[in-house]
Amino acid sequence: MKLQIVRPQLPSAARQPCAAPVALPDRNLAAAEVTSAWARDRAALRLCESRRAAAVAAVDGADR
């Protein structure tokens, strides 16, 4: 029997940071529209980045 260690491969796209939030339209927006878009974009960005960073750290940590 032969034991072979297989290192995980992480796609290069996973090492790229998450996309920035989309720009708001160039028009007057109601405060509720701004608040809603801001909260949604920031929550999605933080969640994406934390998941991406954890995946990269897990794979990089497995290489040691």
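**Surface and overall form**

I started with the surface: the protein chain exposes about 5500 Å², and carbon and sulfur atoms supply 60% of that. Accessible areas here come from the Shrake-Rupley method with a 1.4 Å probe, and for residues only the protein chains shown count as cover.

A note to myself on ground rules: this is a predicted model, where local features need pLDDT of at least 70, side-chain atom pairs count only at pLDDT 80 or more, and totals for chains, interfaces and linings use all residues. Residues are numbered from 1 along each chain as its sequence is written, and side-chain values use heavy atoms, with hydrogens and water left out.

Next I looked up the secondary structure and found one helix and zero strands in the protein chain. Helices (H or I, at least four residues) and strands (E, at least two) are DSSP runs, numbered from the N terminus. The radius of gyration is 19 Å, well over the 11 Å that the globule rule gives for 64 residues, so the chain is more spread out than a compact globule. For the record, that radius is taken over C-alpha atoms, and the globule rule is 2.2 Å times the number of residues to the power 0.38. I also noted the span of the C-alpha trace along its principal axes, about 70 × 15 × 15 Å.

How much of the chain is buried? Buried residues make up 9% of the 64 residues. The cut-offs I used: buried is under 20% relative accessible area, exposed is over 50%, and partly exposed is in between (1.4 Å probe, protein chains only).

**Salt bridges**

I then went for the charges and got a count of two salt bridges. A salt bridge needs a side-chain nitrogen of Lys or Arg within 4 Å of a carboxyl oxygen of Asp or Glu.

One of them joins Arg-27 and Glu-33, with the closest N and O atoms 3.1 Å apart. Arg-27 is partly exposed at a relative accessible area of 47%, and Glu-33 counts as partly exposed too, at 35%.

Glu-49 and Arg-52 also form a salt bridge, their closest N and O atoms being 2.6 Å apart. Both lie in helix α1, three residues apart, about one turn of the helix. Helix α1 covers residues 31–62. The two side chains also make a polar contact of 2.6 Å (a pair of N or O atoms within 3.5 Å; within protein, one must be able to donate a hydrogen and the other to accept it, and residues adjacent in sequence count only if both atoms are side-chain atoms).

**What sits around this pair**

Is Arg-52 buried or exposed? Arg-52 is buried, because its relative accessible area is 18%. Glu-49 comes out as partly exposed, because its value is 27%.

I listed contacts next (heavy atoms within 4.5 Å), not counting residues up to four places away in sequence. Arg-52 touches Ala-14, Arg-15, Gln-16, Pro-17 and Cys-18. Glu-49 touches Pro-17 and Cys-18. Glu-49 and Cys-18 are 31 residues apart along the chain, yet their C-alpha atoms are separated by 5.8 Å.

**Asp-41**

Last entry: Asp-41, also in helix α1. Asp-41 is buried yet has no salt bridge, and the nearest side chain of opposite charge, Arg-42, is 4.0 Å away. For charge, Lys and Arg count as positive and Asp and Glu as negative, while His and the chain ends are not counted. Leaving aside neighbours within four places in sequence, I found Asp-41 in contact with Pro-21 and Val-22.
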